[in-house]
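Here's a friendly walk through one protein model, helix by helix and ring by ring. Have a look at it first, then read on.

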Amino acid sequence: MGLASKPRAARRAAAVDPQVVKLGRLMLAQAPELGKQMAEVLCREIDAYRDGGLVTRDQVAESCSANVSFIFHALADDADVEVAPAERTGTERALAGVPLPAVMTAYRIGFRFMWERTLATARAEGIPTDSILDATARVFFAQETFTDAMSDAYRQQLTTQMLEREEERSALVEALLLGRMSGAHSLWEVAELLRLPTVGPYVVVAAELPAIGRVGLPAIENKLGARDIRSAWRLLPDLQAGIAHLRNPAPGGTLGTLVEVLGHAATARVGISPPFQELSETSGALRFARVALRGKRSGNSLVTVFDGTPLAVAAVSAPEIMGKIKSALLRRVDELPAQERDVLLLTFGAWLQAGGSANDTAAQIYCHPNTVRHRLRRIEELTGRSLSRPTDLAELCLAFEIDRHLPA
């Protein structure tokens, strides 16, 4: 593609000086050797080219020869500068991992070398000063044009690579979440590709989608990264799901920070799994995150953390069976008016947290201890279970957890 087809293209308004054409043809004859000499200079002065690890000396020489040949063709033939070699160089250097500043420096050194050789040839051939100035202007125009084309191609290739890496990361996240890991990558390699530490604890986060194609946690990876929490995400058909690493899983540690950031970012409900240690446990953790997402909310927060206690895990392990158990135990409680039912279950939950103390429960929920005792007796009457009998209490505790975690 020539410059004539680019926005920055600029055709020359006047015919080229015959002396410039002559100089272009003289330099064109030297182009192969000049390219090799230029490559020697670059490999000597540019760190990224010196050891041949990223780009070999032959590759540098090939690029130099192509660039100078096209420039001298433009001088000799009164043609527009063709930027294809520069675009190819930019793409190849991006693929090789050569830093863009190093490539820009190479272009600056290379064009200076070419201009010095062109100037020496012009003087040796007796080219008039005005013609030399014209040729110099054209060389500098070519330098700017080539450098722009190279850097544009470099950045475009870098963007393509980043998108490909993000697609690969997203696919790996989905494979972990759905338990579909193949033998192509070890879990250690997966952690490296996802830019996650290789050892937990991790949690899975599941967020509702506010609408089809819209995420519930916009720009969440960057927001968590700003708080030093590494994560990787995938948009599933019904959820936005991610794996986050916790340096400190305590509620007041990284988990607390995670909940805080998610709470500020969330536009829909969010569930968080209990912490787990191995990435192989991710698919199971997603199920717990889904349960937390779809369970009953406590308070106004959109974020719910699955507590991971044995009773809670048992309550969600077999939803159909657990639903029948809850129905058998709490059927009469569920038949009460919603407000009365909620008060009884709130009191029972507070009583459990208070270790069975009516006085502590009363202080927690702001009522009289006798009111607590009355509500607990109502639960015993409605369920046919005694809170003083360990087996009965265990059944009621399980029913309470089922009610908390499974949707009605």
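## Ground rules

This is a predicted model, where local features need pLDDT of at least 70 and side-chain atom pairs count only at pLDDT 80 or more, while totals for chains, interfaces and linings use all residues. Residues are numbered from 1 along each chain as its sequence is written, and side-chain values use heavy atoms, with hydrogens and water left out.

Helices (H or I, at least four residues) and strands (E, at least two) are DSSP runs, numbered from the N terminus.

Start with α1, which runs over residues 18-45. It has 28 residues, yet its end C-alpha atoms are only 36 Å apart, short of the 40 Å a straight helix would reach at 1.5 Å a residue. The expected span is 1.5 Å times one less than the number of residues.

Where does α1 bend? At Ala31, by about 60°, and a proline, Pro32, follows within four residues. The bend is the angle between axes fitted to the seven residues ending there and the seven starting there. At the N-terminal end, Asp17 caps α1, with a side-chain oxygen 2.8 Å from the backbone nitrogen of Gln19.

## A strand residue

Ile272 lies in strand β4 (residues 270-272) and counts as buried, at 0% relative accessibility. Ile272 and Val205 are 67 residues apart in sequence, but 4.6 Å apart in space, C-alpha to C-alpha.

## Aromatic rings

Rings of Phe, Tyr and Trp (its six-membered ring) pair if their centres lie within 6.5 Å; planes under 30 degrees apart count as stacked, over 60 as edge-to-face and the rest as tilted. By this rule the count comes to 7 aromatic pairs. One of them, Tyr107 with Phe111, is tilted: 6.1 Å centre to centre, 45° between the planes. Both residues are buried.

Phe348 and Phe400 make an edge-to-face pair, 5.6 Å centre to centre with 75° between the planes. This pair links distant parts of the chain, with Phe348 in α13 and Phe400 in α16, 52 residues apart.

Terms used
Polar contact = N/O pair within 3.5 Å; in protein donor to acceptor, adjacent residues only side chain to side chain. Buried < 20%, exposed > 50% of the residue type's maximum accessible area, 1.4 Å probe, protein only.
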